[in-house]
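Welcome, and please get your viewer ready. We will go from stop to stop, with something to select at each one.

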Amino acid sequence: MTVVIAAINGKGGAGKTTALMNIAGEYALRGGHVAMIDMDARNNLMRWWTDCQEKDAQPEGIHVYSHKTARGFERWMDEHGPKFDHVLIDTPGEDTSIVDPVIASSDLVISPIQPSKREVLGAIDSFESVRRINNVIGSECRHGVLRTRITVTVRHTELYRKIRPIIEDKVGTYLFRTEVFERNVYKDIHNGIGTLQMLEVTEAIAKARREIRALVEEVDAHLEGASKSERAA
Ligand SMILES: Nc1ncnc2c1ncn2[C@@H]1O[C@H](COP(=O)(O)OP(=O)(O)OP(=O)(O)O)[C@@H](O)[C@H]1O
Ligand SMILES: [Mg+2]
């Protein structure tokens with residue numbers, strides 16, 4: 001079965017594209033056949049992909065496609081989606097209805113946030129959209145909020161401490177226990193040097209690799225929990 005994961009947060013710059021590149025790299029490392037779809041008109045993901053090819057750093061097992069319309073996306077999903085183990089969808093950093101068909105096709109929506117009020121609100125909006133689409137079409141898409149660009153300083157802020165009670169108790173969605181820290185290597189991979197998992201392992205890269213491995217394990221566990229509750233229902 002193809003697992004479909006989308007990164008959605010209507011507030012730009014939250015870390016969607018970076019999170020998907022890292023997750024894709026991890027699945028590819030495990031031997032998975034991964035498709036990524038760039039639905040953002042600014043083409044950040046597609047540009048990364050073509051830069052990687054130009055620099056002879058094309059990630060094995062990962063293919064990137066570009067679809068900017070609901071129709072093109074849905075057609076691609078019907079025709080090609082089932083050939084892949086994982087389909088990862090990158091969406092624009094703005095409020096747009098293009099995310100509705102994406103949610104309708106997804107098993108999991110990840111909303112990355114840097115701890116700022118607007119991004120937390122953006123993640124809550126994304127969760128509301130997931131709930132709405134699930135209700136309308138009777139689907140079981142999961143949702144989770146991912147803290148990114150975390151630093152030691154950020155962890156001491158009031159907003160950081162409030163994230164968990166807000167997201168889990170008040171809003172009622174899942175907060176990934178794994179956090180993605182602020183790391184230079186996550187910026188560097190945007191320059192078309194392949195995935196994190198392709199880089200020579202230094203101490204800094206080993207730390208990032210551990211973080212992303214933990215994230216992907218948690219993503220899989222969250223999805224597994226979903227299919228268990230579906231079986232029980
Ligand atoms: N964990 C991180 N550590 C360091 N830098 C990061 C991290 N995550 C993202 N960045 C930097 O922040 C920038 C924005 O991240 P990214 O492009 O992933 O966000 P996005 O949500 O896809 O943005 P947009 O809404 O504009 O598409 C990236 O260019 C990258 O350099
Ligand atoms: Mg992006």
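**Around the ligand**

Start with Gly-15: one of its backbone N or O atoms lies 2.8 Å from an oxygen atom of ligand 1, a polar contact (a pair of N or O atoms within 3.5 Å). This is a predicted model, where local features need pLDDT of at least 70 and side-chain atom pairs count only at pLDDT 80 or more, while totals for chains, interfaces and linings use all residues. Residues are numbered from 1 along each chain as its sequence is written, chains are lettered from A and ligands numbered from 1 in the order written, and side-chain values use heavy atoms, without hydrogens and water.

Next, select Thr-18, which places a polar side-chain atom 2.5 Å from an oxygen atom of ligand 1. Then pick Arg-42, where the distance from a polar side-chain atom to a ligand 1 oxygen atom is 3.0 Å. On its own, ligand 1 has 620 Å² of accessible area, and the protein covers 86% of that (Shrake-Rupley method, 1.4 Å probe).

Now show the whole shell. Which elements give two or more residues to it? They are helix H1 (16-29) and helix H7 (184-188), with helices being DSSP runs of H or I, at least four residues, numbered from the N terminus. H1 provides the largest share, 3 residues.

**Two helices side by side**

Finally, select helix H5 (residues 117-137) and helix H6 (residues 158-171), which pack at about 15° with axes 11 Å apart (lines fitted to C-alpha atoms over the stretch in contact, with angles from 0 to 180 degrees between N-to-C directions). That angle makes H5 roughly parallel to H6 (under 35 degrees).

Technical notes: A polar contact is a pair of N or O atoms within 3.5 Å; within protein, one must be able to donate a hydrogen and the other to accept it, and residues adjacent in sequence count only if both atoms are side-chain atoms. Angles under 35 degrees count as roughly parallel, over 145 as roughly antiparallel, 65 to 115 as roughly perpendicular and the rest as oblique.
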